[in-house]
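Please open the structure in your viewer and keep the sequence panel beside it. The tour below goes from one selection to the next and says what is found at each stop.

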Amino acid sequence: MSTVDMGRRAILGHGALLFGFSMLPALAHAQFNAMGLPALADPRLPGSLKNTPFLDAWIQIAPDGRVTVCSGKVELGTGVRTALIQIALEQLALLPADIRFIGGDTALTPNEGYTAGSHTIADSGTALLHASAQVAALLREGAAAQWKTGAGALVLDAGRVVAPDGRRMHYGDAIKGLRMPGLHRTASPSSPLRAPGAYRMIGTSLPRVDIPAKVSGGAAYVQDMRLPGMLHARVVRPPRIGARLAGVDMATVARLPGVRKTVHDGNYLAVLADDEWRAVSAMRALTAAARWEGGTALPQPDAIHATLQALPSEDLVILQRGAMGAGRGPSIRTRYTKQYVMHGSIGPSCAVGHLTGGVLTVWTHTQGVFPLRAALAELVNMPLEKVRCIHAEGSGCYGQNGADDVAADAALLACAVPGVPVRVQLMRDQENLWEPYAPAMVTTVRAELDGSGRIREWAYDVWSGSHNERPGNAGKLVPAGLLARPILPSRSLPMPQPEGGGDRNALPLYDIPNARVVNHFLPVTPLRTSAMRSLGAHLNISAIEGTMDQLAALAHADPVRFRLDHLGSQPRARAVVERAAGMFGWRAGAASLPHRGRGFGFGQYKNLMAFVAIAVDVQFDPDRNTVRILRVACAADCGQIVNPDGVRNQLEGAIIQSASWTLHEQLRYGSDGIASSDWSSYPIMRFSGVPERIDVALIDQPGLPFLGVAEAAQGPMAAALLNALAQATGARRHDLPLLADR
Amino acid sequence: MSTQLTINGKQHAVAADSGTPLLYVLRNDMQLNGAKFGCGMGQCGACTVIVDGKAVFSCITPVGALEGRAVRTIESLGTADHPGRLQAAFIKHQAAQCGYCIAGMIMRAQALLEHNPHPDDQQIRRHMEPNLCRCGTHHRILAAIADVAKGGPA
């Protein structure tokens with residue numbers, strides 16, 4: 001293993017970025033940043049205006065005054081559509097029903113890369129806040145020119161510019177008065193924003209615009225699309241990674257009722273039928289008609305962490321501070337591990353493809369319509385401008401699930417039947433066996449106190465495979481690797497700090513004078529892995545916070561007090577810690593009942609986004625090795641809050657989802673391949689296991705930047721459970737899931 | 001050879017083979033979006049509908065077994081503009097994130113409330129156990145059902 005000094009690497013990385021933008025084609029460029037973003041157009045502009053500076057890319061006003069708002073970010077079930085609409089309408093004096101909102105369409109919206117990493121409100125929300133404020137100013141200016149009055153006295157009200165004397169003009173007429181007509185103009189770095197305390201739309205719990213259709217059987221998902229003449233397709237994937245098709249009887253399948261087309265290309269098999277159940281039936285027949293051989297051997301799950309630590313790694317020193325190894329104080333040395341975890345979307349991935357008039361359109365629940373379009377164009381060998389990806393909602397994905405892969409299926413199969421729309425949905429076992437899992441990980445920590453009970457030294461190492469196998473090139477898509485002429489995936493790259501991948505939140509936020517943190521990036525690991533909510537932060541925050549509790553015990557300090565003592569200069573961090581402890585009624589040295597445990601966890605997501613602190617109270621049953629979560633108290637600061645109820649919904653969801661991962665979840669696999677094909681072989685938390693009570697307190701920060709929140713609680717919740725279970729069981733567990741049979 | 005089905009109070013002659021799971025007939029022949037494909041094995045509840053007053057997994061119920069029985073889907077409870085009581089409670093509590101599981105959740109809860117209009121919180125939790133939510137919206141789902149349970153009959 002070679003150790004790379006991060007200082008030099010950072011400079012090289014920067015150079016690569018600069019050259020990447022100017023010299024490399026679009027496809028290659030997508031490899032250089034984890035968010036799939038286009039080149040910077042003007043770094044002075046707020047949010048995603050930096051990449052897409054034209055106002056009319058975001059807000060369009062038709063001649064009749066109707067307003068269309070566009071975002072490159074997509075609704076993944078987190079409620080961002082509603083929040084983005086709130087932000088856009090804040091300055092435009094319109095109601096949600098007055099506008100058309102488009103999120104994620106390569107023909108119509110800005111390219112904002114992936115909807116990921118809790119970036120949506122910070123990137124797209126900030127862009128829309130400024131774009132709408134600048135458009136509002138232009139509307140007043142355009143009306144003022146026509147009325148030959150000052151713009152300062154004009155106000156916007158319900159889609160009209162209104163003069164003090166009562167004259168009114170709709171927005172379509174108002175922009176006609178601009179000296180340079182229209183909104184195709186670059187945004188300015190600063191905007192005439194309303195005072196944050198005077199917001200009328202931002203900061204309100206506007207009900208989500210998508211929920212009424214979702215509770216009444218409305219067409220809400222890509223799964224609900226029905227195009228005229230549409231065929232239903234099903235694929236047959238190999239039974240194991242690396243298995244080769246030794247033989248298949250396609251003719252029998254082709255004669256089954258309703259079958260219109262069969263596809264056999266290398267190890268890629270699919271069937272298209274005039275009816276969905278007939279497609280499923282034919283898929284089953286095709287599965288039975290196929291003979292496979294070979295396949296890649298997998299390690300046993302109990303050997304995976306030793307396997308990972310022995311693999312070739314790219315070692316990145318991401319923190320080197322002070323002098324290591326000087327002290328002789330009391331110290332802690334611990335190794336934490338995490339098994340592979342599944343995204344586990346309730347709805348298997350689905351897409352609709354249609355090749356007509358020389359244009360391939362794919363409706364998809366991908367997280368990034370633009371990067372996906374590039375990969376699909378490469379896959380089907382069509383020019384970029386002849387492929388269009390339109391986002392349509394799917395089941396929650398929580399990162400990269402099968403969405404992009406099934407979009408590739410839809411593209412390939414639509415090209416097999418030109419002119420005919422094709423809907424393809426994965427079956428449950430296909431989603432489970434072929435999704436890119438959250439990586440198994442290992443971390444080691446050695447921490448030492450000084451004579452006064454403060455942390456003197458911190459050495460931390462993390463080993464992880466890739467948290468970003470998104471397209472990328474076409475080879476990142478499962479179907480591309482199965483074709484007779486396969487496309488190989490491009491090289492896996494670490495995601496750079498400060499956001500990081502496996503090393504996300506590997507840098508402790510606490511005041512520590514001497515520290516060294518190394519990210520051992522593993523380019524090739526036994527299973528395909530990719531982004532799942534919070535990436536490495538889930539295990540890193542668990543390891544850091546578990547160690548903080550152990551150090552507090554060594555220092556004979558209360559764990560919350562110990563944390564506060566090491567957050568001296570960080571008022572926002574201290575505030576959430578104090579708030580969560582206060583809500584919970586945390587008392588130093590409070591006596592515990594038998595098998596009862598309290599635990600605390602804190603983190604600032606990526607050390608630059610939302611601050612979250614969580615305290616939990618659990619009851620452990622040693623006979624059954626089960627846990628009841630009696631209570632969760634969570635305090636969060638995500639900057640200026642756009643929709644308080646939406647933020648609460650995300651935090652509650654993250655708490656429950658993280659509890660499920662942390663206590664129960666691990667992929668089952670062995671020499672026969674992946675065994676977690678369904679919900680009995682991959683159980684997740686059900687109603688009986690969710691916390692009995694969850695309290696969430698929000699600390700609003702009017703005027704401060706929006707910080708994402710959807711992924712900020714996963715690490716702190718895992719850490720709080722880890723620490724609570726240590727108290728409840730009397731013995732620390734360092735291996736996730738905490739309740740695994742061992 | 002067709003199967004006679006009663007769906008949301010109306011008679012339908014369905015041409016699908018009698019072994020076809022109800023879910024596919026609802027989604028494709030009837031063009032009803034509410035019931036969702038989740039697992040095809042009765043493990044997750046995304047496909048839950050009510051048959052003769054009981055919550056059933058439509059993904060594993062062949063239409064041939066349903067002749068003369070009353071099938072109800074979420075579309076029978078109300079519309080986006082005129083939601084039924086449970087639907088309105090789910091909207092009030094914003095009891096959805098991605099929402100893919102929600103139609104199944106509502107139909108399972110509806111079956112409980114028709115049988116027992118005032119279940120306590122533990123009864124609600126126990127009754128909802130077969131249905132999975134991955135977004136972690138459980139508390140809001142329970143609160144929405146409890147709202148209706150504390151009122152009159154559903």
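**First stop: a tryptophan in a loop**

Begin by selecting W58(A), which lies in the loop between α2 (26-29) and β2 (59-61) of chain A; helices (H or I, at least four residues) and strands (E, at least two) are DSSP runs, numbered from the N terminus. This is a predicted model, in which local features need pLDDT of at least 70 and side-chain atom pairs count only at pLDDT 80 or more, while totals for chains, interfaces and linings use all residues. Residues are numbered from 1 along each chain as its sequence is written, and chains are lettered from A and ligands numbered from 1 in the order in which they are written.

Is W58(A) buried or exposed? W58(A) is buried, with 29 other C-beta atoms within 10 Å; the term buried applies at 20 or more such atoms, exposed at 12 or fewer, and partly exposed in between, with C-beta atoms placed from the backbone. Leaving aside residues up to four places away in sequence, W58(A) touches V69(A), C70(A), P110(A), A127(A), L128(A) and A131(A), where contact requires C-beta atoms, placed from the backbone, to lie within 7 Å.

**Second stop: the nonpolar core**

Next, colour the largest nonpolar core, which has 283 residues; such a core is a set of buried Ala, Val, Leu, Ile, Met, Phe, Trp, Tyr and Cys residues joined through C-beta atoms within 7 Å. Helix α4 (residues 120-147) of chain A gives the most to this core, with 12 residues. Among the residues with the most contacts inside the core is A410(A), and when residues up to four places away in sequence are not counted, A410(A) touches A351(A), V352(A), G353(A), V362(A), V422(A) and V424(A).

Now select the four strands of chain A that form an open sheet in the order β22-β23-β24-β27, with mixed pairing; two strands pair if DSSP finds at least two bridges between them. At the edges stand β22 (596-604) and β27 (694-698) of chain A, each with a single partner strand, so one side of each is left without a neighbour in the sheet. From one strand to the next, the twist averages 15 degrees.

Strand β24 (residues 626-637) of chain A runs parallel to β27(A) and is joined to it by 5 bridges, and V632(A) stands opposite I694(A) in β27(A). Helix α17(A) packs on the sheet, touching β24 and β27 of chain A, and its direction makes about 135 degrees with that of β27(A); axes are lines fitted to C-alpha atoms, for helices over the stretch in contact, and angles run from 0 to 180 degrees between N-to-C directions. Helix α18 (residues 714-729) of chain A lies across β22, β23 (611-621) and β24 of chain A, at about 155 degrees to β22(A).

**Last stop: where the chains meet**

Finally, show both chains: the contact takes 47 residues from chain A and 49 residues from chain B. Which helix gives the most to the side of chain A that touches chain B? The answer is α17(A), with 8 residues.

Technical notes:
Contact = placed C-beta atoms within 7 Å.
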